[in-house]
Every structure is written in C-alpha cells, then in structure tokens.
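Trainee: Please take me through one part of this model, the place where a ligand is held and what lies around it. I would like a close look.

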Amino acid sequence: MQEVHILWTSEGMSCDGDTVSVTAATLPSIEDVLLGLVPGLPKVHLHNKVLAAEVGEEFMTAFNKAWHDELGPFIFVVEGSIPNEKINGEGYWTSMGNDPITGQPITVNQWIDRLAPKAWAVVAAGTCATYGGIHAMAGNPTGCMGLADYLGKDFRSAGGLPIVNVPGCPVQPDNFMETLTWLLYQVAGLAPMIPLDKELRPTWLFGKTVHEGCDRAGYYEQGDFALDYNSPKCQVKIGCWGPVVNCNVTKRGWMDGIGGCPNVGGICIGCTMPGFPDKFMPFMDQPPGATVSATLTGAYGTLIRKLRGITNKTVNKEPKWHHNRPELTSGYEPRQIF
Ligand code: SF4
Ligand code: SF4
C-alpha cells in the first residue's frame, strides 16, 4: 500500500489537547512520519484542522472524498467524546462543516456514521474519545459517551480491526504515535494484528500500573509516606490511585521522558481509565484500600527501613583491609609451590 490518509476530527466534545500533545511526540515524531523518514511506512497525508494549512471547504475536501470512496485507504482518528444527538432538542451538540445543499451543520456523529465503516482503522485519541472523559461525567447535559459506546464494542473497521483506544488526558504523545506507527506498518503488511486488551487499549502501553513504574515505589515498599504535597515520598495517603491505574507515564514521562504525574509530585487521578473521573472523585481523598495497605506496609516497612539503615551504614564503609600500614590484611594467601 503506497499512500494512507489520516482523517482526524477533533470536533467531538474536547479541548483539542490530544492534537496539541501529539505535536510533542518523538518516538516517532509526527514530522518524521509525514516526511517519510521512518523506514517501511507508507506515505502518509495528515488531515487535522489544528495542524492543517487549509481551512473551510478546502479542509473538508478529504473528508468528503473519503465519504464518497474517492480518497483511498485512510485511518480515522476521533478526538473528543461523542454527544448523544438523539437528545439535542432542536439544535445539535457539535459539528464539522456544513451541508452544501441545506447549509445545515453536519454533526460529528454523522461524520462518524459516514467514515468509521469505510476506514481501514478507527482510533480514539484521548480519554474523551475512548471512554467519555470529563464531558461524560455524572450530571452532564449532552449524554456524552466514548466511541465504543457509540459504535458498539463489536465494531470492526474496513481493515477488520476493533476500535483502537489510546486514552490519556491528554494522550501521552509517544503512546499515540507508537500506536499509529503500528497501524501504518499493519496497513503495509509489515506488522501482525495490533494487540489490544479488553478495553481496546494497546497491551504493551497499558498492561502495567502507574505504581509499577513509579519513581516513588521504593518509599511505598518501605512504608514511608508523604503527608503533604511538598514531599518526595509515596503519595498514596494524599490521594494517589497509582496502584490500580493502567498507565505508563511513570515509565516514559509526559513528553520525551520528562515528568510523569507521581514521579514529579502529582497524585495519579486515573485519567486513562474508563471510570474517570467519577470513580476517582473526590480527588485528593485517600483511594479505597489505601488505609489498609498503608497501615500494613507501614508496619512491615518500619522494620525493613531500620534493617536497611544498618545495612546501608555497612555498605557505606570501605573494607577494613584498605589501609597504608606496613602489613597486608586482605586475606591473600600465596600459593604453595611444592
Ligand atoms: S506515589 Fe502513587 S504510584 Fe507512586 S508509589 Fe506511591 S502510590 Fe504508587
Ligand atoms: S499517572 Fe494517572 S493522572 Fe497521570 S497520566 Fe497516568 S493515569 Fe493520568
């Protein structure tokens, strides 16, 4: 396959933060992909309004062509949660472009209906598109949902793939670009089926918890806890959900290895998770189980810390045979020659 288009709508309920985040990717960068600098990838054309030179109807040309089967193979990226247009009263919640005949706005939902079944792959970028996110929290007026809630979890694209979810608020840029790169290799016939978990996330990116990669996990294990936000110690007592959240930013940072919430003092509030935000609120309260685990770890950790303190003193001293006296005390025994 020689050329692939990426049709990216950020017109779901969103802040465009995922688009902005992806401009910081380095593994690979979006520029490297578009300039054809990644060996083996097909030529890629990106259509994203925030990054596009075209505006208005000119920008919409590729979307219209894809709808009429005139574009060629494309990956459809959806950013932002999907409102329920069945409850929009006499208006609409969100749209992209106007119908040239009626002049009426074309809703994002209509674009999803038109393009998702024709796309070689469909990717939900960020927590809003994957699981609804902030817009879909309890009490929202739009009936928002994630893409798999809208299309159904059994949806299959023209390439035979389920929806590919890359959550994160915003999406971690290299997580997104690695996923896109896998799909582009898959389009080119150079990669097997992308491995996804039951929440449709790439397994190699979301298979571990925040806690398992956290710089502060050593403090947790020793029962040494922060009691305020001005501490380098484990933050579980001040609201960190890291032990039960699937996210890799403690391993790879927010951008180019820098940051990663708990590593740099931010409690994990579970922004990659299907239950976010409602199941993690109120933020900054102790997560369920934190008191029990912190108490148990606290008792064990106090003893371990003491023992490690003794060992630490020992290993901080040089061996006693390092001296300048006129005698050898290293234990060297010359070989006897018979
Ligand atoms: S700060 Fe959070 S993620 Fe890090 S060790 Fe503590 S509980 Fe785990
Ligand atoms: S560590 Fe927690 S809050 Fe930070 S990006 Fe990951 S899931 Fe979101």
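Mentor: Ligand 2 sits in the largest pocket (more than half of its atoms within 2 Å of the grid points; a pocket is an open set of points on a 1 Å grid over the protein atoms alone, where a 1.4 Å probe fits, with protein on both sides within 12 Å along at least five of seven lines). The model is predicted: local features need pLDDT of at least 70 and side-chain atom pairs 80 or more, while totals for chains, interfaces and linings use all residues. Residues count from 1 along each chain as written, chains are lettered from A and ligands numbered from 1 in the order written, and side-chain values use heavy atoms, without hydrogens or water.

Around ligand 2 (a heavy atom within 4 Å) are V210, V245, C247, V249, C261, C268, I269, G270, C271 and T272. Eight of this shell are nonpolar, two are polar and none is charged (Cys counts as nonpolar, Gly as polar).

V210 of that shell also meets T250, whose side chain has a polar atom 2.9 Å from the backbone oxygen of V210. T250 belongs to helix α10, residues 249-252 (a DSSP run of H or I, at least four residues). Because its relative accessibility is 5%, T250 counts as buried (under 20%, 1.4 Å probe, protein chains only). Beyond neighbours within four places in sequence, T250 is in contact with V210, G213, C214, G260, P262 and N263 (heavy atoms within 4.5 Å). T209 is 41 residues from T250 in sequence, yet their C-alpha atoms are 9.0 Å apart.

Conventions. Helix = DSSP H or I, 4+ residues; strand = E, 2+ residues; numbered from the N terminus. Buried < 20%, exposed > 50% of the residue type's maximum accessible area, 1.4 Å probe, protein only. Polar contact = N/O pair within 3.5 Å; in protein donor to acceptor, adjacent residues only side chain to side chain. 1 Å grid on protein atoms, 1.4 Å probe; cavity = no way out; pocket = protein on both sides within 12 Å on 5 of 7 lines; lining within 4 Å.
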